Amino acid sequence: MAKPDLNDSQRLSAESLALIDVEVAKYPVDQKQSAVMGALRIAQTECGWLKPELIEYVADYLEMPAIAAYEVATFYNMYDTQRPGRHKITLCTNLPCMLMGAGELGEYLKKKLEIGFGETTEDGRFTLKEGECMGACGDAPMCLHNNHVMHTHLTTEKVDELLETLK
Amino acid sequence: MATLNIEIDGRALQVESGDTIMDAANQVGITIPHFCYHKKLSIAANCRMCLVQVEKAPKPLPACATPVTDGMKVFTRSEYAVSAQKSVMEFLLINHPLDCPICDQGGECTLQDLAVGYGGSSSRYQEIKRVVVEKNLGPLIATDMTRCIHCSRCVRFGQEIAGVMELGMAGRGEHTEIMPFLANQVASELSGNVIDLCPVGALTSKPFRYKARTWELSRRHSISPHDSLGSNLEVHVKDNKVMRVLPRENEDVNECWLADRDRFSYEGLNTAERLTQPMIKQEGQWVEVTWQAALEFVADKLKAIPAEQIGALSTPYRPAEELFLLQKIMRGMGCGNVDHRLRQSDFSLDSKAHGGFWLGMPVTYMSRLNRMLVVGSNLRKDHPLMAHRIRESVRWYGELNLINAHDDEFLGKVHAKRIVAPSQLAATLAGVCVALAQLKELPVPDVAVRGIVDDIARKMAQSIAGGGQGSSGGEARAVFLGNMAQHHPTYSQIHMLAQEVARLAGASFGVLGEAANSVGAVAVGAIPGCGPLGQPAIKGLNAQQMLSQPLRAYLLLGVEAELDTHDPVSALNSINAAEFVVVMSPYKGKSLDYADVLLPIAPWTETSGTFVNTEGRVQSFSAVVKPLGETRPAWKVLRVLGNLLGLAGFDHNDSKDVLRDALGETPTGSVQAFLTNEISGVSVLPPQVIDGLERVAEVPIYQTDAVVRRSHALQMTLDAALPVARMHSRLIEKLGLQENGRVSVRQTASALTLKVQRDDLLPENCVRIPSGHPLTASLGPMFGPITAEAV
């Protein structure tokens with residue numbers, strides 16, 4: 001496989017690479033690819049989303065096939081392989097949340113934002129995603145904002161309120 | 001290993017500890033339905049079709065991934081097991097389209113077969129079915145990804161056998177898709193095997209698409225005529241036409257795999273370029289004639305020319321019977337001018353060899369080597385399945401060391417490598433030889449006295465001598481010479497040095513045969529030095545001598561002079577200057593320009609014959625279809641020609657008679673007794689010094705022989721891309737060239753303009769231009785000085 005020809009704009013910053021090296025150091029020298037999840041997370045944090053060239057760059061850095069890194073990036077829904085809007089709302093649609101009304105909330109969000117799951121509003125403000133269990137089922141239903149902030153015990157009113165605050 | 005007593009479906013049996021239920025069931029011939037399990041691939045257990053009932057287990061267990069335990073009782077056909085299997089089948093069929101009538105896999109589909117036994121007669125599924133976008137995997141593999149059941153065999157094949165993960169399983173759950181990264185084509189030279197592996201119609205053969213149904217095809221056994229492995233084939237025939245080629249399983253040769261070259265070359269068999277009628281050139285015009293007229297014309301002409309002015313040349317891709325009769329005709333006429341080593345340039349070993357060169361070991365050993373040194377070989381492209389075996393060695397046991405003139409990806413771990421200009425191959429090997437002698441505290445062999453030891457030479461020596469860390473002793477070691485080494489102008493030096501390295505290291509020494517019948521051709525005496533099985537015979541000129549100065553007549557068997565020779569320029573000059581040229585070939589090609597008589601002979605599918613592979617395995621095959629038009633098997637043509645020339649001993653009834661005449665009653669035994677790589681008496685030469693640039697040339701994988709060259713699908717692959725001039729970026733800069741610009745290269749008399757491509761893994765004084773390609777046929781020899789300048 002030919003090495004990807006990456007120009008500087010696709011490289012990661014020295015800080016990100018240093019963080020990836022910390023991940024790599026956790027595993028045996030000949031198994032760098034074990035650090036792929038951490039490395040993709042760091043790359044996404046710096047670049048906003050994982051475009052194919054970036055995945056290829058990370059794969060190359062970890063000496064693994066690009067398609068193997070792509071498998072990881074497409075398997076876990078916190079990785080964005082499409083450019084997301086400014087605010088990514090990830091609604092949990094696993095069983096406990098669904099029992100507590102996540103299905104209806106999903107329909108409400110889709111209607112309100114005029115987009116489906118996995119889509120972004122035309123103004124680039126919101127992206128709506130389906131999420132997997134976030135490990136706090138007692139607080140169902142819930143969503144994540146931009147992968148990091150969790151909003152629990154959701155109702156349509158709370159959703160309205162949340163969307164209002166996200167400009 | 002402990003032996004365990006278990007019971008499957010009421011049958012008691014003993015199995016090794018560590019075996020799975022699937023292994024145990026296979027031992028006693030009990031079939032457990034499965035999709036993702038494959039004996040040559042790792043266990044994924046993701047199709048769940050092989051669920052079986054195990055006594056005391058709280059749920060059904062996958063047979064492929066469950067190790068047996070002592071006293072285990074397994075039920076594969078119980079109501080419980082079958083109900084689990086039926087449930088899995090119901091899930092698999094939910095998203096599988098019901099398009100068997102238009103699916104190429106129909107009739108040979110595992111899913112279709114198992115659905116008969118485990119599928120419901122109607123579906124309970126009411127919702128919308130999944131549709132998956134097609135992927136373009138290149139010219140060889142057609143996709144219908146909606147049919148995919150996600151067994152992941154194709155993904156594991158890439159990772160574990162082909163050595164490169166080109167396909168992956170992206171997405172999750174219902175959105176899972178098999179795909180390449182971005183829009184990459186699949187480029188592995190073994191990629192066609194995923195067609196066989198795919199248990200459904202998701203991956204099928206593109207050239208075979210919609211051509212025939214499996215039940216319309218007759219299956220006939222054959223042997224591959226391309227690389228020196230001699231892969232066993234099952235040729236599928238309909239209406240006297242080869243429709244496709246599949247592997248025939250032979251664990252000792254090709255296992256269950258086939259290289260793409262062997263699988264898809266059949267497309268070149270029935271092209272418009274086929275020669276179907278004997279033709280004679282009369283006053284510059286080609287006239288179709290009868291066989292009788294053509295052969296009488298040839299015999300009369302040959303009788304009128306002194307025998308030592310006739311040269312007989314064949315490619316090493318022709319069956320042994322033909323090569324035997326060709327040399328018998330020549331020697332019958334009193335001349336030993338016969339050779340098949342058209343790409344070789346150093347023939348000095350002819351007087352120093354004690355037998356035919358061969359692999360030095362059975363092919364199967366290549367999968368279990370601990371220490372390897374491979375010199376001058378484009379392993380993956382020249383020997384795709386042997387490269388797979390070496391990768392297997394590397395994965396489990398071995399350290400691979402490479403000395404080569406280019407650094408193409410091997411797709412496996414390389415312990416140490418040295419990339420040098422071709423002229424330095426021998427000197428580099430001498431360095432390793434000296435390092436080995438020092439390591440073993442043995443005298444340095446005479447032939448290596450000029451060798452210079454450096455760190456890499458020492459590292460390689462330590463590796464192949466097994467003196468590295470963690471050595472357990474008793475290791476399998478081997479030194480191999482590749483095609484580039486054999487084509488090299490100082491081949492005799494390289495061979496001698498490799499022999500000494502192997503001797504010092506206690507390693508086997510092998511020559512990786514160049515072509516399907518390289519070993520067979522030497523065994524039947526198609527070389528100027530000796531007759532069949534090394535018997536003394538009339539000596540004559542070798543291929544280079546025959547082609548460097550014109551003889552009066554040439555007999556060419558399957559040769560395309562501009563593509564099959566070491567130096568196409570001088571070869572064509574000589575042949576054009578000859579007064580009488582007979583070309584026996586399945587194709588017209590360029591020979592229309594230089595031949596005087598064209599005789600249509602059968603490609604391997606239309607004649608019986610024998611190939612001797614690189615390990616000395618004698619493999620005979622029968623014709624699978626009738627000859628096209630007036631085409632005849634070449635052994636018959638040569639037999640009649642022998643008779644017309646009034647020579648004795650040309651009364652064979654069939655090709656088996658010819659083989660008996662050539663190799664005796666026990667061909668395998670006689671050939672193996674004749675094979676040895678031992679040479680003696682090579683004297684040391686100072687290393688060749690080339691001041692300027694050197695050419696590095698290899699024969700591209702899909703240009704090796706006449707049939708492959710005409711396979712449309714193979715010619716569309718990335719491996720068949722147009723030749724370019726590859727150079728190191730510093731050389732590009734030094735010569736004032738532009739990457740992807742044009743460069744004018746010149747070797748002997750002729751110049752050629754090619755595209756420049758950067759390859760920073762090449763030595764800095766080398767220009768790499770493939771040989772054996774129509775575009776580069778006007779350049780000179782495969783090695784030696786070359787000049788390059790801006791256009």
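Trainee: Is helix H3 of chain A largely enclosed or open?

Mentor: This is a predicted model, in which local features need pLDDT of at least 70, side-chain atom pairs count only at pLDDT 80 or more, and totals for chains, interfaces and linings use all residues. Residues are numbered from 1 along each chain as its sequence is written, while chains are lettered from A and ligands numbered from 1 in the order in which they are written. A residue is buried if 20 or more other C-beta atoms lie within 10 Å of its own, exposed if 12 or fewer, and partly exposed in between, with C-beta atoms placed from the backbone. Seven of the 10 residues of helix H3 (residues 52-61) of chain A are buried, so H3(A) is largely enclosed by the rest of the structure.

Trainee: Which helices do the buried residues of H3(A) pack against?

Mentor: Helices (H or I, at least four residues) and strands (E, at least two) are DSSP runs, numbered from the N terminus. The buried residues include Leu54(A), Ile55(A) and Tyr57(A). Contact is judged by C-beta atoms, placed from the backbone, that lie within 7 Å. By that rule the partners are helix H1 (14-24), helix H2 (36-47) and helix H4 (66-75) of chain A.

Trainee: Which residue just after H3(A) takes a positive phi?

Mentor: Most residues other than glycine have a negative phi. Just after H3(A) there is a positive value of about 55°, and the residue is Glu63(A).

Trainee: How many residues does each chain bring to the contact between A and B?

Mentor: On the side of chain B, strand E7 (residues 167-170) gives the most, with four residues. That side divides into eight nonpolar, two polar and three charged residues; Ala, Val, Leu, Ile, Met, Phe, Trp, Tyr, Cys and Pro count as nonpolar, Asp, Glu, Lys and Arg as charged, and the others, Gly among them, as polar. The contact takes 10 residues from chain A and 13 residues from chain B.

Trainee: Which helices of domain 3 of chain B each supply at least two residues to the side that touches domain 5?

Mentor: Domain bounds come from an automatic or database domain assignment, which gives domain 3 as 279-349 + 516-666 and domain 5 as 693-790. Their centres, taken over C-alpha atoms, are 30 Å apart. Domain 3 brings 16 residues to the contact and domain 5 brings 14 residues. The helices are H17 (561-564) and H18 (568-577) of chain B.

Trainee: Which strands pair with E23 of chain B?

Mentor: All six residues of strand E23 (residues 580-585) of chain B are buried. Two strands pair if DSSP finds at least two bridges between them. Five bridges, in the parallel sense, join E23(B) to strand E22 (residues 553-557), and four, also parallel, join E23(B) to strand E24 (residues 597-600).

Trainee: Which strands are the edges of the open sheet of five strands in chain B?

Mentor: The order is E19-E18-E17-E20-E21, with parallel pairing. Each edge strand pairs on one side only, and the two are E19 (416-419) and E21 (508-511) of chain B.

Trainee: Is Ile223(B) buried or exposed?

Mentor: Ile223(B) lies in strand E10 (residues 218-223) of chain B. Leaving aside neighbours within four places in sequence, its contacts include Gly230(B), Phe611(B) and Phe621(B). With 25 other C-beta atoms within 10 Å, Ile223(B) is buried.

Trainee: Asn740(B) has a positive phi too; is Asn740(B) buried or exposed?

Mentor: The phi of Asn740(B) is about 65°. Asn740(B) sits in the loop between helix H25 (729-734) and strand E29 (742-746) of chain B. There are 11 other C-beta atoms within 10 Å, so Asn740(B) is exposed.

Terms used. Contact = placed C-beta atoms within 7 Å.
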